[in-house]
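I opened my notebook to look up a few contacts, one entry at a time. Here is the structure I worked from.

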Amino acid sequence: MKKVVKFGGSSLASADQFQKVGEIIRSDESRRYVIPSAPGKRFSSDTKVTDLLYNCYDAAVKEKNFTDLLSAIQNRYNEIIDGLELTISLDKEFELIKENFNKKAGRDYAASRGEYLNGKIMSAYLGFEFVDAAEVIRFRENGSFDDVATNDLLSKRLEQAAGAVIPGFYGAKEDGTIVTFSRGGSDITGSLVALAASADMYENWTDVSGFLIADPRIVKNAKSIETITYRELRELSYMGASVLHEDAIFPVRKAGIPINIRNTNAPEDKGTLIVEGTCRRPKYTITGIAGTDGFAAITIEKAMMNSEIGFCRKVLQVFEENDISIEHMPSGIDTMTIFVHKDEFEEKEQNVLSAIHKAVSPDHIELESDLALIAIVGRGMRATRGTAGRIFSALAHAHINVKMIDQGSSELNIIVGVRHDEFKNAIRALYEIFVLTQI
């Protein structure tokens, strides 16, 4: 059996955390490939190393003295090295970083050094081979990710390694120019390594014991999800659930490799298993609740619009021409409502409204802002009658007005729109009726 294990920044923020990680890896000889993130926060008011590197590089670009800040970053790593009683030195690496900062090597290069340096320490600590992600994670000249070249390079390299440490978050173009994924991109690296290694499991270790049914900042003591499918995860991630980078799903989903979200600080917890499909019945009707706010709604009203061929296309074309993405589009006989991100829409709203009038000559246009969307997701909803009724009942009991409801064709999710100031109460009401009342 082969396992790929990725550890987040909080799991590697200090020597004590490194030791926990070492115990986890050594307790299972199938954990052969390790993807480390850069050191995260050691305490709530601390700063992540990646952010320190960004600040340091920005100072270099502005021709300011950045050596003190770079020294502070090196001290963070030296504390870990000393705490683990290792003999390695990162002096040469930091000399090279200073040189490249002076040469303005780029913000991607700067940010990538957090994972690179932590990978060096992890490799020495475990006695595993160090594989620089710049050599095996390939980006094209235009900056787009090259999945075919990456899988080929990684597969060949990992065949030769009994155990390896591959830093997360970054790769490189053919000429060696460093390119990073978006923040949280170490999850993607782990997924790519799992695919290339034909792993049996991808373990993603973080500071929580898997996915929770609802945001713990909104619902206290929210229960964890035991098993979730890739499709359910995609729906929840899209609406704000953020334990795992959503792009990390695709490589392993293609190969049917399960992901296990685990807690470094509670390794005995089973965490959440993410799978392609499962016969396991969900414990609750729903798998999870997630939401996000900051939406605006544009309602277009016109008598007999349903019989006007091309009406919807003309409206949607207005948004496309203004580079505004559409989130949802519920409609009636004489009305259609477009939900968009408020920030995207506000600066172009008058252009959009004018263009809609020219395109379809509506009877009336109504705008509403400060809205939130909430997704209720679960494979158990398909076989359960009255799910939508329970949603309405829960929100009505909490005196929350539903602005929009939209059920996906897969019957996997129902999305409701509510006012921003009722967002958190709506999530609590939904959690109560679907989880607490089923206990």
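Which side chains meet in a salt bridge at 3.1 Å, N to O? I looked them up in this predicted model: they are glutamate 368 and lysine 403. Glutamate 368 lies in strand 14 (residues 364–377), and lysine 403 lies in the loop between helix 14 (387–397) and strand 15 (404–407), so the pair ties together parts 35 residues apart in sequence.

Glutamate 368 is partly exposed, at a relative accessible area of 27%. Lysine 403 is partly exposed too, at 34%.

I then searched the whole structure and found 26 salt bridges. One of them joins the side chains of glutamate 203 and arginine 31, at 2.7 Å, N to O. This pair links distant parts of the chain, 172 residues apart: glutamate 203 is in strand 7 (residues 201–206) and arginine 31 is in strand 2 (residues 31–36). Are these two buried or exposed? I found both glutamate 203 and arginine 31 buried. I also noted a network of salt bridges that links Lys3, Asp28, Arg31, Glu203 and Arg262.

Another salt bridge joins the side chains of aspartate 421 and arginine 419, at 3.2 Å, N to O. Aspartate 421 counts as exposed, because its relative accessibility is 55%. Arginine 419 is partly exposed, at 35%.

Last, I turned to helix packing. Helix 1 (residues 15–26) and helix 3 (residues 67–83) pack at about 55 degrees, with axes 8 Å apart. That angle makes helix 1 oblique to helix 3. The crossing is right-handed. Ala15, Phe18 and Gln19 in helix 1 meet Glu79, Ile80 and Gly83 in helix 3. I sorted these contact residues into three nonpolar, two polar and one charged.

Notes:
Residues are numbered from 1 along each chain as its sequence is written. This is a predicted model: local features need pLDDT of at least 70, side-chain atom pairs count only at pLDDT 80 or more; totals for chains, interfaces and linings use all residues. Side-chain values use heavy atoms; hydrogens and water are left out. Axes are lines fitted to C-alpha atoms, for helices over the stretch in contact, and angles run from 0 to 180 degrees between N-to-C directions. Helices (H or I, at least four residues) and strands (E, at least two) are DSSP runs, numbered from the N terminus. Angles under 35 degrees count as roughly parallel, over 145 as roughly antiparallel, 65 to 115 as roughly perpendicular and the rest as oblique. A crossing is left-handed if the near helix is turned anticlockwise from the far one by less than a right angle, and right-handed if clockwise. Contact means heavy atoms within 4.5 Å. Ala, Val, Leu, Ile, Met, Phe, Trp, Tyr, Cys and Pro count as nonpolar, Asp, Glu, Lys and Arg as charged, and the others, Gly among them, as polar. A salt bridge is a side-chain nitrogen of Lys or Arg within 4 Å of a carboxyl oxygen of Asp or Glu. Buried means under 20% relative accessible area, exposed over 50%, partly exposed in between (1.4 Å probe, protein chains only).
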